[in-house]
Amino acid sequence: MNAILLMLLGLGAMFLGYVIYSKFIAEKIFKLDPNFRTPAHEFEDGIDFVPTNKYVLWGHHFTSVAGAAPIIGPAIAVIWGWVPAFLWVVFGTIFFAGVHDAGAIWASNRNKARSIGALTGDVVGKRSQSLFMIVIFLVLLMVNAVFATAISGLLINFPSSVVPVWGAIFVALIIGQVIFRKWMNLGTVSILGVIALYALIYAGPSFPIELPETVFGVSDNAQWILVLFAYAAIASLLPVWMLLQPRDYINGLQLFIGLFLVYGAVLISGPELVAPAFNTNVPEGTPSLVPLLFVTIACGAISGFHGLVASGTTSKQLDKETDLRFVGYFGAIGEGSLSLATIIAVTAGFATLADWQAVYHSFGQGGVTAFVQGGANILQNGLGLDVDLAQTLLTVMAVLFAGTTMDTGLRLQRYIFQEWGNIYNIKWMEKAAPATLLAVGTCLLLAFGAGGADGSGGLLIWPLFGTTNQLLAGLTLLVVTTMLVKLGRPMYVTLIPLLFLLVMTIYALLIQLMGFYHKSDWFLFSLDLVVLIAAIWIALESAGVLTRLVRENKASKAS
Amino acid sequence: MKIRAIVDWVKNANAYATEVYNAPYRSAIARAKRDEDDLFMMLVFSELMGVPNPASYYTLELQPLLLERFHQWHLRMGMEHSPLDGFRCC
């Protein structure tokens, strides 16, 4: 099949989802009211609560939720063939992610813009709230470890990207100063910044940098991981305007340019999909498609992380309640389209089936490296870019995404440690520097503990990260469902995704648990066990709350 | 006429870009600034809390200017009225 057809089918289906299904959700289920006084107006303070233009808010929401995860997941999952990954991304975006993201904003918006964590306490119960904290902590921990591993792999596979990747940080630092000191207006700075970044990318292939294979017995992979965490720790302690803000901004620009280039190149060159539609000849050791597909692709189909962004910051800036359909649902579609681009890159970007099979020779292979290789081939055929240059460009895009998520993640983890310090009255833990050290320490423990001294174990925990992320999504869906039941509205639009997620997650956790047991990998075994307990807990909690509410509703109708 | 339309468009685009740049971090930066302002306010009012301040000759002049912020501060800290003896706020 031709990639253009796949692209049009996918984008078309998602667009129809926005036009038809999100309209139904907005009008019939959430019953959005343009006259509802949103928290942004009610508590307007110029700091947290600021009514914001819906396109600006969409841009903010989309760039905060889109990271490296919607690239890594599908790039691993096409090992089962492109049809399952494609269907899950498209239908997941339409019926799961869109409803989940819009629902999280809606729930928060109707409750004084409180975060989903706080809402869980109010709407569902106190027990669920503590569970929520634990799940968030695990998600952050895993995402940092996984991304560090993924970035170090990219930097080693594509040494030409080392200069632009670290150069981009200097560009961001300069932009931060220029804007902060008001030396130039932002339009000029954006153009200069993008030119500087692309100049670095252009120069990258001429100055490849490789680390020595071992330093004091530490492999190059592990060296990069250590460097990355050192960087992330420093970055997460700097004031946000210095590095994080300009970096996020360039990333946003990069994201749109990247999507535009990839889709443009596909349209021009029209490559054929070389990967099988259904891979009947999967490499040995590949787990079964059901349920692993549904946790391997988390972001891009549904991701709990979005709920945190949606209820943490987006809901505080919503100008009109009806805007949330565009911001939440269309934001999910933006991320779905990034995953779709990834699927096309990793299935149509290789010359022959044998080339593709060489990359996907065992489960967990592929990932961002396949995305960069495949995407670069498409860019070369479509736009005539040099392969080295195209690879550098896509690597920089992926690394910048993952890097920003890492330092945001580390910052959030530090807040959690500081909060624990506060709750349990541990004075030293309340300070920023020791809390950051703790956060980095736990992430390093996971990155090295999972895969041995070369730190390659990060990607082993990818499916485990997926399950945890889905659990978080499940908790958000539970909050939204509970609110819908309390309002006496139909609950199936969120209940069905919730049940599906819980079943698939618990099933996947059990399968992985068996796998770790057979491999005697006790570290991951215990991690899996913790997540499994949380998952079963959420399932019981959901069943309890919902049956109670439904019974109460019936009783009140009868009387 | 044409040129004006282009200039307007550029200005508009610039305003949007600024908003995109600032919106995500508005709260973090405003909060950091507020923390610094609070520290400065504490310096200005330090004499009233019994902390000797060598610059009090100058800071005394600033006190009325900071009155509004002081009011917001004690409300934010969960105190309905001024916590300082001999310094009434509301």
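The model is predicted: local features need pLDDT of at least 70, side-chain atom pairs count only at pLDDT 80 or more, and totals for chains, interfaces and linings use all residues. Residues are numbered from 1 along each chain as its sequence is written, while chains are lettered from A and ligands numbered from 1 in the order in which they are written. Chain A has 21 helices and 2 strands; chain B has 4 helices and 0 strands. Helices (H or I, at least four residues) and strands (E, at least two) are DSSP runs, numbered from the N terminus.

**Chain A overall**
- Along the principal axes, the C-alpha atoms of chain A fill a box of roughly 80 × 60 × 50 Å.
- An unreviewed UniProt entry places "domain: CstA N-terminal" at residues 2–347 and 365–508 of chain A. UniProt positions are given in the numbering used here, feature names are shortened, and annotations may be inferred rather than shown by experiment.
- Residues 2–347 of chain A are 71% helix and 1% strand. The end C-alpha atoms of that stretch are 11 Å apart.

**Chain B overall**
- From the N terminus on, the elements of chain B run α-α-α-α.
- Chain B has a radius of gyration of 21 Å, well over the 12 Å that the globule rule gives for 90 residues, so chain B is more spread out than a compact globule.
- Its C-alpha atoms fill a box of roughly 65 × 30 × 20 Å, taken along the principal axes.

**Where the chains meet**
- 22 residues of chain A are in contact with 19 residues of chain B. Contact means that C-beta atoms, placed from the backbone, lie within 7 Å.
- On the chain B side, H1 (2–22) and H2 (26–44) each supply at least two residues.
- H1(B) gives the largest share of that side, 9 residues.
- By class, the side of chain B that touches chain A has 13 nonpolar, 3 polar and 3 charged residues. Ala, Val, Leu, Ile, Met, Phe, Trp, Tyr, Cys and Pro count as nonpolar, Asp, Glu, Lys and Arg as charged, and the others, Gly among them, as polar.

**Helix pairs in chain A**
- The axes of H1 (residues 3–29) and H14 (residues 323–348) of chain A come within 10 Å and cross at roughly 165°. Axes are lines fitted to C-alpha atoms, for helices over the stretch in contact, and angles run from 0 to 180 degrees between N-to-C directions.
- That crossing makes H1(A) roughly antiparallel to H14(A). Angles under 35 degrees count as roughly parallel, over 145 as roughly antiparallel, 65 to 115 as roughly perpendicular and the rest as oblique.
- Residues of H1(A) in this contact include A:Ala3, A:Met14 and A:Ala26, and those of H14(A) include A:Arg325, A:Ile333 and A:Ala348.
- By class, the contact of H1(A) with H14(A) has 13 nonpolar, 4 polar and 1 charged residues.
- The axes of H4 (residues 69–77) and H16 (residues 367–383) of chain A come within 7 Å and cross at roughly 90°. H4(A) and H16(A) are therefore roughly perpendicular to each other.
- A:Ile71, A:Ile72, A:Ala75 and A:Ile76 in H4(A) meet A:Gly367, A:Val368, A:Ala370 and A:Phe371 in H16(A). This contact has 7 nonpolar, 1 polar and no charged residues.

**Backbone features**
- Most residues other than glycine have a negative phi, and most peptide bonds are trans.
- The peptide bond from A:Val290 to A:Pro291 is cis, with omega near 5°. A:Pro291 lies in H12 (residues 289–296) of chain A.
- A:Lys112 is not a glycine, yet has a positive phi of about 55°. A:Lys112 sits in the loop between H5 (82–109) and H6 (116–124) of chain A.

Terms used. Two residues are in contact if their C-beta atoms, placed from the backbone, lie within 7 Å. The radius of gyration is taken over C-alpha atoms; the globule rule is 2.2 Å times the number of residues to the power 0.38.
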